[in-house]
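Hi everyone, thanks for coming. Have the sequence and the 3D view open while I talk, and stop me if I lose you.

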Amino acid sequence: KKQYRIAVIPGDGIGKEVMPEGLRVLEAAAKKHGVAVHFDHFDFSSWDYYEKHGQMMPDDWKEKIGKHDAIYFRAVGWPAKIPDHVSLWGSLIKFRREFDQYVNLRPVRLMPGVPSPLANRKPGDIDFWVVRENTEGEYSSVGGRMFPDTDREFVTQQTVMTRTGVDRILKFAFELAQSRPKKHLTSATKSNGISITMPYWDERVEAMAKKFPGVKWDKYHIDILTANFVLHPDWFDVVVGSNLFGDILSDLGPACTGTIGIAPSGNINPEGDFPSVFEPVHGSAPDIAGQGIANPIGMIWSGAMMFEHLGEKEAGKSIFDAIERTLAERTLRTKDLGGNADTTACGKAVAEMVE
Ligand code: NAD
Ligand code: IPM
Ligand code: MN
């Protein structure tokens with residue numbers, strides 16, 4: 001029987017608080033379902049590591065974690081100490097690009113009993129996936145700063161869309177849509193204003209749609225799309241977007257389901273040539289770090305996605321079910337969801353439900 005090797009990287013801020021809860025629940029599910037997992041812990045990809053070593057990760061980081069079956073990861077970023085673009089381009093964005101994790105898969109789901117900030121919404125009304133392009137687009141290193149500190153100073157940063165890059169994320173999204181009961185795909189665009197890359201994106205969507213005649217599809221400009229997330233979240237099933245649009249939509253979606261603290265994600269290399277990274281959508285939350293009140297559900301749900309990705313469907317499902325049952329009880333929820341449980345109490349509750 002296979003033993004999975006998971007690289008564990010807790011990062012900064014509340015990452016260090018939610019990670020133990022994620023591991024607690026993974027261990028409970030592994031025990032219950034007879035899944036053999038081994039966790040290797042790494043301290044890099046954090047401000048502490050940077051302070052000691054002057055870089056975010058060791059030079060041989062790829063050898064250290066590149067052979068693992070998956071990476072269980074949490075927030076990087078401590079803006080009071082180090083500029084965000086330095087810490088993120090030195091860690092998370094490196095993982096995504098170097099491990100070719102071109103799919104960023106982010107579910108959005110209103111859970112039973114959890115109040116939505118949107119009026120009169122019930123579970124089932126909000127249940128969709130954001131499929132975010134994760135290796136190119138607006139997140140590019142093409143550009144620069146010229147004539148610094150003069151009146152002629154200017155900066156540019158190019159959006160890069162490759163045919164391979166656009167087509168592979170669209171194919172993934174259409175396949176996902178095809179596998180779901182509603183078989184509906186929505187594309188996020190802005191081809192009215194961004195006049196070269198976005199019309200290209202639309203063109204590739206249209207071409208890909210021809211290969212999936214069973215999938216109904218539509219597109220919205222990103223401005224009205226964000227409005228429709230709030231006004232009509234029930235319209236959506238699979239929403240595909242470029243790197244930046246997907247980033248924005250995947251905070252807005254979960255906010256409509258009560259809190260970004262429950263939102264999970266998978267940075268996936270579908271071919272399996274490299275390990276995939278599973279992490280919550282939220283960041284290191286310096287404003288609440290150290291208080292023990294962070295919601296651990298995003299971390300725990302990311303663990304469920306990781307087990308599913310590894311093929312351990314039963315173990316993944318039992319974690320997901322335990323999350324649903326925990327969130328249904330107000331006293332087991334953290335403060336961001338109107339409860340009074342602390343991080344550990346919430347994590348323990350999920351682990352007990354799994355058992
Ligand atoms: P953030 O997600 O850290 O926090 C935004 C707000 O949501 C804060 O008020 C925070 O308290 C709250 N929040 C976030 N997670 C929560 C949780 N689990 N439970 C309860 N409340 C929660 O976003 P930010 O403030 O924009 O970024 C802070 C730092 O995190 C920055 O350095 C940023 O670059 C970094 N960041 C990292 C990642 C990542 O590693 N994947 C993702 C997003 C942001
Ligand atoms: C996310 C985060 C990252 C992103 C940041 C921290 C670089 O916001 O994972 O959504 O923009 O991709
Ligand atoms: Mn984000």
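Okay, let's begin where two domains meet: seven residues of domain 1 are in contact with ten residues of domain 2. Contact here means that the C-beta atoms of two residues, placed from the backbone, lie within 7 Å. Before I go on: this is a predicted model, where local features need pLDDT of at least 70, side-chain atom pairs count only at pLDDT 80 or more, and totals for chains, interfaces and linings use all residues. Residues are numbered from 1 along each chain as its sequence is written, while chains are lettered from A and ligands numbered from 1 in the order in which they are written.

The side of domain 1 that touches domain 2 has three nonpolar, one polar and three charged residues. For these classes, Ala, Val, Leu, Ile, Met, Phe, Trp, Tyr, Cys and Pro are nonpolar, Asp, Glu, Lys and Arg are charged, and the others, Gly among them, are polar. Where are the domains? Domain 1 is 1–102 + 274–355, and domain 2 is 116–257; such bounds come from an automatic or database domain assignment. Their centres, taken over C-alpha atoms, are 25 Å apart.

Now the sheet. Ten strands form an open, mixed sheet, in the order 2-1-3-12-11-4-5-10-8-9. Strands (E, at least two residues) and helices (H or I, at least four) are DSSP runs, numbered from the N terminus, and two strands pair if DSSP finds at least two bridges between them. Strand 2 (36–41) and strand 9 (216–221) are at the edges with a single partner strand each, so one side of each has no neighbour in the sheet. From one strand to the next, the twist averages 25°; angles run from 0 to 180 degrees between N-to-C directions, with axes fitted to C-alpha atoms, for helices over the stretch in contact.

Zoom in on strand 5 (residues 127–133) and strand 10 (residues 238–241), which pair in the parallel sense over four bridges. There, valine 131 stands opposite valine 240 in strand 10. Helix 8 (residues 222–231) packs on the sheet too, touching strand 8 (184–189) and strand 9.

Next, aspartate 237, in the loop between helix 8 and strand 10. Is aspartate 237 buried or exposed? It counts as buried, because it has 20 C-beta neighbours inside 10 Å; the cut-offs are 20 or more for buried, 12 or fewer for exposed, and partly exposed in between, with C-beta atoms placed from the backbone. Leaving out residues up to four places away in sequence, aspartate 237 touches Phe128, Ala177, Arg180, Lys182 and His184.

That's my tour, thanks!
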